[in-house]
Amino acid sequence: MKPLDGIRILDFSRVLAGPMATQILAELGAEVIKIERPGAGDETRSFEPRVESGDSGYFFAFNRGKKSVTLNLKSPRGQEIARQLARQADVVVENFLPGEMAAFGLGYEVLSADNSKLVYVSCTGFGQTGPYSDRNGYDTIFQALSGVMALTGHPDGPPAKVGVPFADLTSGLWIAISVLTGLAGRTQAGRGTHIDLSMLDVQVSMLTIAAARWFLLGEDPKRTGTEHPGRVPSAAFECADGRWLHISGSDQHWSATCSVLGLDALAADRALDRNSQRVVQRERVMAAMTAAVARRGRDELAEALRAASVPAGEVNSVAEILTDPHVAARGMVAGFEHPKAGRVGALKMPVRLSGYDDIAPGVPPVLGADTAAVLAGLLGMPPAEIDQLRGEGAI
């Protein structure tokens, strides 16, 4: 048994944010029926990296545990089948531009008229309203517009994108939150809802502390590299072996930090016992710490700091963290058996629930592999009609 057993999601989303959300929900137990274009499917099926079978690792990363049904949404018969499926769904997720689903006869007003308990999530770049609502965009466009890109990078360098598709990933999490909120609200109110989720809104909401500096101080925050604007020390330092170590601490860690690094002069300055003064004297503190760390090897120094209860973390590469013993012990690196690609590695979901079945990575679907079974099972469609629809190009 899984927490979302019995929930059916009709997923019209493509690429990353929507598919990530529905993958989370699928691995939590929901039945996710992914609607794809006949012949081509989700465009990420052709994205790099590719495995020997020709399948896309990009697609594999966001579409595990789903069923694939091919429908031509430009076909009247395809549209009618989609409406029939929506009548038996708890949730619809879509990320077309505003108005496109309505043009297919699949907008919220139409589908909710036949299924009043439907939770319908529209995730678009700029939302259903506002002067930018008809724009399209990608992850980095939203990072740029939202201020996230301006905050990322070093003070003496140009703006930088986050190392992962931050706007897509955070939007995917908010889609999942929206679905679960809609389902919980339906339990209370007895009806569904239309959720308008803007990827730009999500990025603006991520500004949090940076926005607080604007609201409270009138300060337009700038890039700080690995340093924290309100805490010293909190930064990555280069060690003697050329590797990097991130050290971050509060007042209770300051004395131990100085002791491990041999910073006697800083330790003797009572004003520096308080973070507010260390922020004022940032350049002095950072210069002393940079010089001290540069004389030590990373592994030895990291262990010495942790032994003194000072928070310290090695700046790992992707390969280093995916082979880390703690990550292995937590089971975060797992995999699945794909019918074409064979054994494929995959990241496990980070939640651990007691009293439910283990949440193991699901298997990404082969394009259209579930079309006949879903149409026959949910809609009672006979094989001859399915063959006819396939011949017409509707599926």
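Two strands count as paired when DSSP finds at least two bridges between them. Strands (E, at least two residues) and helices (H or I, at least four) are DSSP runs numbered from the N terminus. The model is a predicted one, so to speak of local features takes a pLDDT of at least 70 and side-chain atom pairs count only at pLDDT 80 or more, while totals for chains, interfaces and linings use all residues. Residues are numbered from 1 along each chain as its sequence is written, and side-chain values use heavy atoms, with hydrogens and water left out.

On those terms, E7, E8 and E9 make an open sheet of 3 strands, in the order E7-E8-E9 and with antiparallel pairing. Strand E7 (234-238) and strand E9 (312-314) sit at the edges, each pairing on one side only. From one strand to the next the twist averages 25°; axes here are lines fitted to C-alpha atoms, for helices over the stretch in contact, and angles run from 0 to 180 degrees between N-to-C directions. Helix H14 (residues 282-293) packs on this sheet and touches E7 and E8, its direction making about 40° with that of E7. Contact here means heavy atoms within 4.5 Å. Strand E8 (residues 244-248) and E9 share 3 bridges in the antiparallel sense, and histidine 246 stands opposite glycine 313 in E9.

Turning to charged side chains, a search of the whole structure turns up 26 salt bridges, each being a side-chain nitrogen of Lys or Arg within 4 Å of a carboxyl oxygen of Asp or Glu. One of them joins lysine 340 to aspartate 55, with the closest N and O atoms 3.6 Å apart. This pair ties together distant parts of the chain, 285 residues apart: lysine 340 lies in the loop between strand E10 (333-338) and strand E11 (342-347), and aspartate 55 in the loop between strand E2 (31-36) and helix H2 (57-62). Lysine 340 is partly exposed at 48% relative accessible area, whereas aspartate 55 is buried at 10%. For these labels, buried means under 20% relative accessible area, exposed over 50%, and partly exposed in between (1.4 Å probe, protein chains only).

Because they are 3 residues apart in helix H15 (residues 298-307), about one helical turn separates them. Glutamate 303 is partly exposed at 48%, and arginine 306 is partly exposed too, at 32%. Arginine 343 and glutamate 337 also meet in a salt bridge (3.9 Å, N to O), with arginine 343 exposed at 55%. Finally, Glu80, Arg83, Arg87 and Asp114 are linked in a salt-bridge network.
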